[in-house]
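Subject: Structure handed over, with notes

Hello,

Here is the structure for you to look through. Please open it beside this email, and read the notes with it in view.

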Amino acid sequence: MQSPLSSVHRWVWRDARRRANNLLRFAEVEADGGRDLVRAAEQTRDPLLRRLFLVHALDEQRHADLFRKRGLALMATLPVGPRDDGRADWLAPGERGLDDLRVEQERDGALLAFLHLSEKAAARDFTNYIAVLEGDPPTREVFEKIVHDEAFHMNYTHAQLLRVAPKDHGRLLWMARLRRLWSLYLRFAGALASVIGSVVLTLQYFVLLPPFALLARRAQAREPRGWAPIAPERNARGAQKRQY
């Protein structure tokens, strides 16, 4: 079944430069998520979670390498051009991992709930991207490799959440959903503010600037041509001894 957002995803990934920039951005997010997971492994007192978090961190670093390698390969085939402005980021979010949490301040249950929802969303989004990348087999292959790991991450975080918080896992998942919704709203608001700012600046350029340019041209037309005579008092003896 085709995703309702397949046309949006197809538009986002159709442009080669935007595709390369998205892959490089995904690489940064994955690498940052790997570092967060290492910190989570250092913080937890659960030996099983520590081992799983470290395995997960290695997967994130491998994903970052795959995304970066493919993004640079795509970028090398493109002519030099303007850098992508990033306003389509919220349309192709990729994996968010723990970017909205302070790992040091979270308990194991909250971390697992947030990670589970993040990995679930990433698996869904990456599957949608695979469906619209039929014209770019190498990039599609990268997502196909990564989406299998995302499914494992989604399953282990849910299983460990049930183990760590058997009675409280439902509430933790709902709290994590609310936090993700708030983060999504902030990203959408930022993108919308960027678009509104561009529109307002464009309107100012074409609506407010022309009258001032016309007034400046009229003032210039009234100015006499050539050298203007200096008042006699300014040529008085000793006037040249002053600085002004």
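Some ground rules come before the findings. The model is predicted, so local features need a pLDDT of at least 70 and side-chain atom pairs count only at pLDDT 80 or more, while totals for chains, interfaces and linings use all residues. Residues are numbered from 1 along each chain as its sequence is written, and side-chain values use heavy atoms, with hydrogens and water left out.

Overall picture

The pLDDT (the predictor's confidence in each residue, from 0 to 100) averages 82 over the protein. A score of at least 70 is reached by 81% of the residues. Among the elements, helix H3 (residues 47-76) has the highest mean pLDDT, at 95. The lowest mean, 78, belongs to helix H6 (residues 169-222).

The protein has six helices and zero strands. Both kinds of element are DSSP runs, numbered from the N terminus: helices are H or I with at least four residues, strands are E with at least two. Read from the N terminus on, the order is α-α-α-α-α-α.

Of the 244 residues, 39% are buried. Buried means under 20% relative accessible area, exposed means over 50%, and partly exposed is in between, with a 1.4 Å probe and protein chains only. As for contacts (heavy atoms within 4.5 Å), take those between residues at least 6 apart in sequence: 79% of them join residues at least 24 apart.

Helix H1

Which residues of helix H1 (residues 6-14) are buried? They are Ser-6, His-9, Val-12 and Trp-13. Seen down the axis of H1, these buried residues fall within an arc of 120°, so they line one face of the helix. The arc is that of the directions from the helix axis to the C-beta atoms. The face turned away from the buried side of H1 carries the exposed residues Ser-7 and Arg-14. Helix H2 (16-43), helix H4 (108-132) and helix H5 (137-164) are included in what covers the buried residues of H1.

How the helices pack

Axes are lines fitted to C-alpha atoms, for helices over the stretch in contact, and angles run from 0 to 180 degrees between N-to-C directions. Angles under 35 degrees count as roughly parallel, over 145 as roughly antiparallel, 65 to 115 as roughly perpendicular and the rest as oblique.

The axes of H1 and H4 come within 9 Å and cross at roughly 70°. H1 and H4 are therefore roughly perpendicular to each other. On the H1 side the contact is made by Ser-6, His-9, Arg-10 and Trp-13, and on the H4 side by Asn-128, Tyr-129, Ala-131 and Val-132.

H2 and H3 pack with their axes 7 Å apart, at an angle of about 160°. H2 and H3 are therefore roughly antiparallel to each other. Their crossing is left-handed, a term for the near helix being turned anticlockwise from the far one by less than a right angle (right-handed if clockwise).

For H3 and H5, the axes come within 11 Å and cross at roughly 160°. That makes H3 roughly antiparallel to H5. The crossing of H3 and H5 is left-handed.

Single residues

Leu-23 lies in helix H2 and is buried, with a relative accessible area of 0%. Where are the contacts of Leu-23, leaving aside its neighbours within four places in sequence? They are with Trp-13, Phe-67, Arg-70, Gly-71, Leu-74, Thr-139 and Phe-143. Leu-23 and Leu-74 are 51 residues apart along the chain, and their C-alpha atoms are separated by 9.3 Å.

Ala-40 is also found in helix H2, and is buried at a relative accessible area of 2%. Apart from neighbours within four places in sequence, Ala-40 is in contact with Phe-53, Val-103 and Leu-111. Ala-40 and Phe-53 are 13 residues apart in sequence and 7.0 Å apart in space, C-alpha to C-alpha.

In helix H4, Ala-122 is buried with a relative accessible area of 0%. From C-alpha to C-alpha, Ala-122 and Ala-151 are 9.0 Å apart in space, and 29 residues apart in sequence.

The C-alpha atoms of Ala-73 and Ala-20, 53 residues apart along the chain, are separated by 8.3 Å.

Regards
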